[in-house]
Amino acid sequence: MAKGGVQRHGGTGKWQAQVKFRGKVQWLGLHEEREAAERAVAEFRARNPNHRQRLLASVRRNHARSYCERTLLAERARIVDVRAAGVEPVLRLATDNGRLLRCGAGSGILTPEGWCRAEDLAVGARVMVAGKVPRPSEAAIPPSLRRGIGVWTSMQRSRLIRPLGACYVCGLSFPRTELELDHVVPVVLDLSKALDERNLSPICAPCHAVKNAEEQRLARRAGMIAAARPQTVVMIASDGVEQTYEVVVEEPASNLLADGIVLKGASREKPAASR
């Protein structure tokens, strides 16, 4: 118990509580119930908050798996900080494919509809977890269907691109004549989004060429590719109250994979409770 906490005291059969504070272990007594011991630890830490932000040399050069929130494809994110985020209730969450996450109640978890706090989830909700999908394949879409999608996309230009618009990739402004409409989630990756105008964004010709080249490169490769996939929550339960921590990842990444579930990363400027 060098870091403090609650554990069963073998000699008395009671629950002992202690915390490490300013380099010394603070004894908080023996308690009949585990909940009472956890409450004593939580109350001590609430009275004596740890304001130190811990920049860990052994961690900050490590990388975590992250996911692009537009395409849900896996990326790498560099860890730049791990720091205390305060005392809060802790939850245990399990999915139907066996993923188990223990996190602060205020932690952000990615769902198919966007970010949701762990405490707002319920059994039956769907969360994004680590998975694999087939790599894009040009052969999966017949040429006639591809031409039809192209015609439909061209018909949306005047309505979805302003006279002076911005490329969603590089952020630079261009006149409408120099912008094209692009499927943010590639058609070869998710055919169901081919005729979804919410999946269309203006893109300049140079950025479009680079993106098309990458999609074609993937299309020529066989096998599977890492991506976030939805799974159903089958259990969510309280697991006490304790000090929680947050992981800060280097921008532009905004999330990381924690025990197989996509968890929101913390901002450098604004702490967000997570483990």
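Biologist: How many helices and strands does the protein chain have?

Modeller: This is a predicted model in which local features need pLDDT of at least 70, side-chain atom pairs count only at pLDDT 80 or more, and totals for chains, interfaces and linings use all residues. Residues are numbered from 1 along each chain as its sequence is written, and side-chain values use heavy atoms, with hydrogens and water left out. With helices taken as DSSP runs of H or I of at least four residues and strands as runs of E of at least two, numbered from the N terminus, the protein chain has 4 helices and 16 strands.

Biologist: What share of the residues of the protein chain is buried?

Modeller: Buried means under 20% relative accessible area with a 1.4 Å probe, protein chains only. Of the 275 residues in the protein chain, the buried share is 40%.

Biologist: Which residues of α1 are buried?

Modeller: Helix α1 covers residues 34-47 and reaches 20 Å from its first C-alpha to its last, close to the 20 Å expected at 1.5 Å a residue, where the expected span is 1.5 Å times one less than the number of residues. The buried residues of α1 are Ala37, Glu38, Ala40, Val41, Ala42, Phe44 and Arg45.

Biologist: What share of the contacts in the protein chain with a separation of 6 or more comes from residues 24 or more positions apart?

Modeller: A contact means heavy atoms within 4.5 Å. Among contacts in the protein chain with a separation of 6 or more, residues 24 or more positions apart account for 60%.

Key:
Buried < 20%, exposed > 50% of the residue type's maximum accessible area, 1.4 Å probe, protein only.
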